Amino acid sequence: MKLLLVEDESKLTDALSHLLKKNGYAVDTAMDGETGIEMAATGAYDALILDRMLPALDGLSLLREIRSLGFDTPVLFLTAKDGAKDRVEGLDAGADDYLVKPFFADELLARLRALIRRKSRNLVGDSLEAAGLILYPLRCEVMKNGKVIHLTVKETHLLELLMNNYGQVITKERIMEKVWGYNSETEITNVDLYIHYLRKKLNVPYIKTVRGVGYYLQEDTRVPATAL
């Protein structure tokens, strides 16, 4: 299991890193919020441990940004603020659990195990296969040539839609409805942007464009079916 610890107190960072590594975790660290969000956005971590009071970008803002990008990585907040309002703010921002400083090492480890267990229960699900790709929707992962590629939630929904309609052109309007929802105020140009993200991550030529209409997934050059 790989963790990201974002904490600006160097002594606490060293102590927690030692504790976590001793208990079998791989740990990366960041000392400020901006570095933390850059690392978290790689999607490479099984859980995040965030301090609330961070330089450059505070923990709440960092967490909100992570969630807005579509990442559902479990997050444990560490903070000296123990008021009910502070806890509510943290949970509403997307934290999965909240631990007040000072804390016992055993409690931290127990809460972390519980977070990862809850996450693992959601990892079991059907896979989709098309165009040499294997998509695991509940994990937000796709496998290509034996290599796992991490996706955001929106990227996963988009690829799932394309794979479920293999060889069928899907209009941009339908993609908007299925991926962003009927009442979304998101600009339709976001469809093009997320197609670009997918193409860049997957590095395959199979996501085709029908200019002025939409997109489809197909390995060969046959004429696609009528647009949905």
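Visitor: How many helices and strands are in the chain?
Guide: This is a predicted model, and its chain has eight helices and 12 strands. The C-alpha atoms fill a box of roughly 65 × 35 × 25 Å along the principal axes. Of the 228 residues, 45% count as buried.

Visitor: What makes Ala131 count as buried or exposed?
Guide: Its relative accessible area is 5%. Buried means under 20%, so Ala131 is buried. Ala131 sits in the loop between strand E6 (128–130) and strand E7 (133–136).

Visitor: What is the phi of Ala131, and what about Asn203?
Guide: Ala131 has a positive phi of about 55°, and phi of Asn203 is near 55°, also positive. Neither residue is a glycine. Most residues other than glycine have a negative phi, so these values get flagged.

Visitor: Which glycine with a positive phi follows H1?
Guide: That's Gly24, with phi near 95°.

Visitor: Which residues of H1 are buried, and what puts them on the same side?
Guide: The buried ones are Thr13, Leu16, Ser17, Leu19 and Leu20. They cover an arc of only 165° around the axis, so they lie on the same side of H1. An α-helix has 3.6 residues a turn, so residues three or four places apart point the same way. On the other side of H1, Lys11, Asp14, His18 and Lys22 are exposed.

Visitor: Why is the peptide bond from Lys101 to Pro102 called cis?
Guide: Look at omega: for that bond it is near -10°, and the bond is cis. Most peptide bonds are trans, which is why this one gets a mention. Pro102 lies in the loop between strand E5 (97–100) and helix H5 (105–121).

Visitor: How far apart are the mean positions of the positive and negative charges?
Guide: For the 30 positive and 33 negative charges, the mean positions are 4 Å apart.

Conventions
Residues numbered from 1 in each chain as written. Predicted model: local features only at pLDDT ≥ 70, side-chain atom pairs only at ≥ 80, totals over all residues. Heavy atoms only, no water. Helix = DSSP H or I, 4+ residues; strand = E, 2+ residues; numbered from the N terminus. Buried < 20%, exposed > 50% of the residue type's maximum accessible area, 1.4 Å probe, protein only. Lys, Arg positive; Asp, Glu negative; His and termini not counted. Charge placed at Lys NZ, Arg CZ, Asp CG, Glu CD. Arc of directions from axis to C-beta.
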